[in-house]
Amino acid sequence: MKVPKRIQPLVDDGLVDEVLNQLMSGKEATVYRVRCGDTIRCAKVYKEANQRSFKKAAQYQEGRKSRNSRRARAMEKGSKYGKDQQEQAWQNAEVDALYAVAEHGVRVPQPFGCFDGVLLMELIVDDNGDVAPRLNDVVLTQEQAIEDHALMMIYIMRMLCAGIVHGDLSEFNVLVDAYGPVVIDMPQAVDASANNNAKAMLLRDVNNITTYYAQFAPDLTLTKFGEEMWALYESGDLSDTTKLTGQFKESEKSADVSTVLNEIQAAFEQEQDRLAYLKEAAEQ
């Protein structure tokens with residue numbers, strides 16, 4: 001196929017030899033299957049800020065720090081330079097998150113670098129070498145659903161141990177290969193300790209994943225993994241090897257109304273994004 005304009009510099013520099021086909025177009029990026037020498041990889045081309053439909057990006061960027069003080073000041077002022085730097089930070093956030101969570105044992109695609117808004121990374125495939133399906137396209141037995149759900153809870157927990165909350169995790173952001181689930185799409189990942197919305201996003205991530213697997217294993221709806229892992233995180237007792245039980249006793253103290261409202265709003269926006277994705281997929 002014709003080389004997309006944004007990928008052409010990578011072809012010119014010898015990082016990509018051929019663009020094979022487009023895999024998907026989402027709210028923040030378009031993904032292509034590319035050949036790099038003898039290896040087939042994927043190239044994620046991030047959309048420009050004014051073309052992205054990702055809602056409330058500022059909410060996700062809260063707490064992200066720049067090591068460069070001049071860059072940080074420019075980003076705060078919203079100057080042209082600052083907006084350019086903010087855009088780079090958004091794009092590089094996914095690479096940083098992928099490396100960080102992989103170090104904690106979370107299965108994610110291996111990144112090979114982000115070049116001018118194009119992320120080169122491992123292509124997750126099935127036994128036949130075809131692109132691995134998304135979780136929403138997979139039918140599971142009850143036993144397999146329980147097993148994979150438990151593994152996803154461990155992955156979410158380990159991401160939290162890395163100080164990261166995915167923030168947009170659902171059946172559309174998980175691939176399934178012969179070895180199980182693989183977490184993808186992390187440009188919006190948030191800093192668990194610096195973002196005021198982190199808890200609400202974590203609970204939403206857990207709820208999304210649990211709701212999907214519960215189609216095949218209804219008893220999973222009774223679990224409280226999100227609340228359990230967040231409580232352990234806040235108390236400093238969470239580690240990569242923590243054995244979660246899925247049980248959590250709610251505090252008898254008055255509810256934090258602000259947190260509850262944030263969770264409701266986050267769930268509503270997630271559902272709107274899910275419906276938009278389904279509509280977009282149906283039109284392709």
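Two strands are taken as paired if DSSP finds at least two bridges between them. The model described here is predicted.

**The sheet**

In this predicted model, β4 and β5 (residues 118-122) run antiparallel and are joined by 3 bridges. One of the residues involved is Phe-115, whose bridge partner in β5 is Val-118. This pair of strands belongs to an open sheet of 5 strands, arranged in the order β1-β2-β3-β5-β4 with antiparallel pairing. The edges of the sheet are formed by β1 (18-25) and β4 (111-115), each of which pairs on one side only. On average, and with direction ignored, neighbouring strands of the sheet are turned by 25 degrees against each other.

**The helix pair**

Two packed helices are described by the angle between their axes and the distance between the axes. Helix α5 (residues 142-161) packs with helix α7 (residues 225-235) at an angle of about 25 degrees, and their axes lie 11 Å apart. Because angles under 35 degrees count as roughly parallel, α5 is roughly parallel to α7. The crossing of these two helices, α5 and α7, is right-handed. The residues that make the contact are listed by helix below.

| Helix | Residues in the contact |
|---|---|
| α5 | His-149, Met-153, Ile-156, Met-157, Leu-160 |
| α7 | Phe-225, Met-229, Trp-230, Tyr-233 |

By class, the contact of α5 with α7 comprises 8 nonpolar residues and 1 polar residue, with no charged residues.

Conventions
Residues numbered from 1 in each chain as written. Predicted model: local features only at pLDDT ≥ 70, side-chain atom pairs only at ≥ 80, totals over all residues. Heavy atoms only, no water. Helix = DSSP H or I, 4+ residues; strand = E, 2+ residues; numbered from the N terminus. Axes fitted to C-alpha atoms, helices over the stretch in contact; angles between N-to-C directions. Parallel < 35°, antiparallel > 145°, perpendicular 65-115°, else oblique. Left-handed = near helix turned anticlockwise from the far one by under 90°. Contact = heavy atoms within 4.5 Å. Nonpolar A, V, L, I, M, F, W, Y, C, P; charged D, E, K, R; others polar.
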